[in-house]
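User: I am new to this structure and would like to learn how to read it. Could you walk me through a few features?

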Amino acid sequence: MVELKTDLSIDAMHEAGQVVARALTAVRDAADVGVSLLDLDALARDVLREAGATSPFLGYRPSFAPTPFPGVLCASVNDAIVHGIPTRYRLRDGDLVSLDFGAELNGWVGDSAISITVGRPRPADLRLIETAERALAAGIEAAVVGNRIGDIAHAVGTVCREAGYGIPDGFGGHGVGRRMHEDPAVPNEGRPGRGLPLRKGMVLAIEPMLVAGGTDGYHAAPDGWTLRTDDGSRAAHVEHTVAITEDGPRVLTARAS
């Protein structure tokens, strides 16, 4: 069932979304050669603590997971697509890192992700990230009253496929609200004009995931959480929590810079 949020609820979700935005900005600015993924997770925990917020990631255990998630931040490096566990791994020159973070504040959840490079970037990585961000922008632009879920999926998928990138099958966005994952599912590829109609008060996490090698295959790493590309190529993941309003899409996790 899809819950439609009131204007007041969306304002409250914006507050949670801004905790997410602050944390991702802090983590992005701290990510450098020699910094460990656990260091970044600790920094994200500090932002939560200062805001009086909690993590919807920490302890989360969906049906596929062998253990509860141990961090507040997903940190996926190079060929890792999503769900990377923060470890002692220290970032290296040229790494591509996708950082996914959520916050729960006053009973409402915000969820967002960014992809960045560390040290001297590879031009191919910059193109991959730029395309992921364009796909996200296209999906957000399609998130308007009167469209359908398929219009968002088609907008995201078109940008990805036209650039020659792969899209991990079966993974995409979702509804957000009192819980991190709510109805409806928001695929990263689909047919326009199909699927659930978009209505005022729906709040969606739109999250393109791109595989540089152009294939769609992936597999779970031995930790049971991290998803890696089958072809070993690099991946990018970006995400925003977006409310559908009468005035157009409202990005609740927008960052100041």
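This is a predicted model: local features need pLDDT of at least 70, side-chain atom pairs count only at pLDDT 80 or more; totals for chains, interfaces and linings use all residues.

User: How do I read a helix, and what is the span of H4?

Analyst: Helices (H or I, at least four residues) and strands (E, at least two) are DSSP runs, numbered from the N terminus. The expected span of a helix is 1.5 Å times one less than its number of residues. Helix H4 covers residues 149–162, and its 14 residues reach 20 Å from first C-alpha to last, close to the 20 Å expected. Just after H4, Gly164 has a positive phi of about 90 degrees.

User: Why is H4 described as largely enclosed?

Analyst: Buried means under 20% relative accessible area, exposed over 50%, and partly exposed in between (1.4 Å probe, protein chains only). Ten of the 14 residues of H4 are buried, so the rest of the structure largely encloses this helix. Among them are Ile152, Val156 and Cys160. For the cover, contact means heavy atoms within 4.5 Å. What covers the buried residues of H4 includes helix H3 (123–141) and strands S6 (182–187), S7 (203–206) and S8 (209–211).

User: How many disulfides are there?

Analyst: A disulfide is a pair of cysteine sulfur atoms within 2.5 Å. By this rule the count is zero. The closest cysteine sulfur to that of Cys74 is in Cys160, 20 Å away, which is too far for a bond. Cys74 is buried at 6% relative accessible area, and Cys160 is buried at 1%.

User: Cys74 makes me curious about strand S1; which residues lie on each side?

Analyst: Leu73, Ala75 and Val77 lie on one side of S1, Cys74 and Ser76 on the other, and all are buried. As for pairing, two strands pair if DSSP finds at least two bridges between them. S1 and strand S3 (residues 96–105) run antiparallel and are joined by five bridges; in S3, Ser98 is the bridge partner of Ser76.

User: Is Asp41 buried or exposed?

Analyst: Asp41, in helix H2 (residues 37–51), counts as buried at 4% relative accessibility. Leaving out residues up to four places away in sequence, Asp41 touches Gly71, Val72, Leu73 and Pro86.

Notes: Residues are numbered from 1 along each chain as its sequence is written. Side-chain values use heavy atoms; hydrogens and water are left out.
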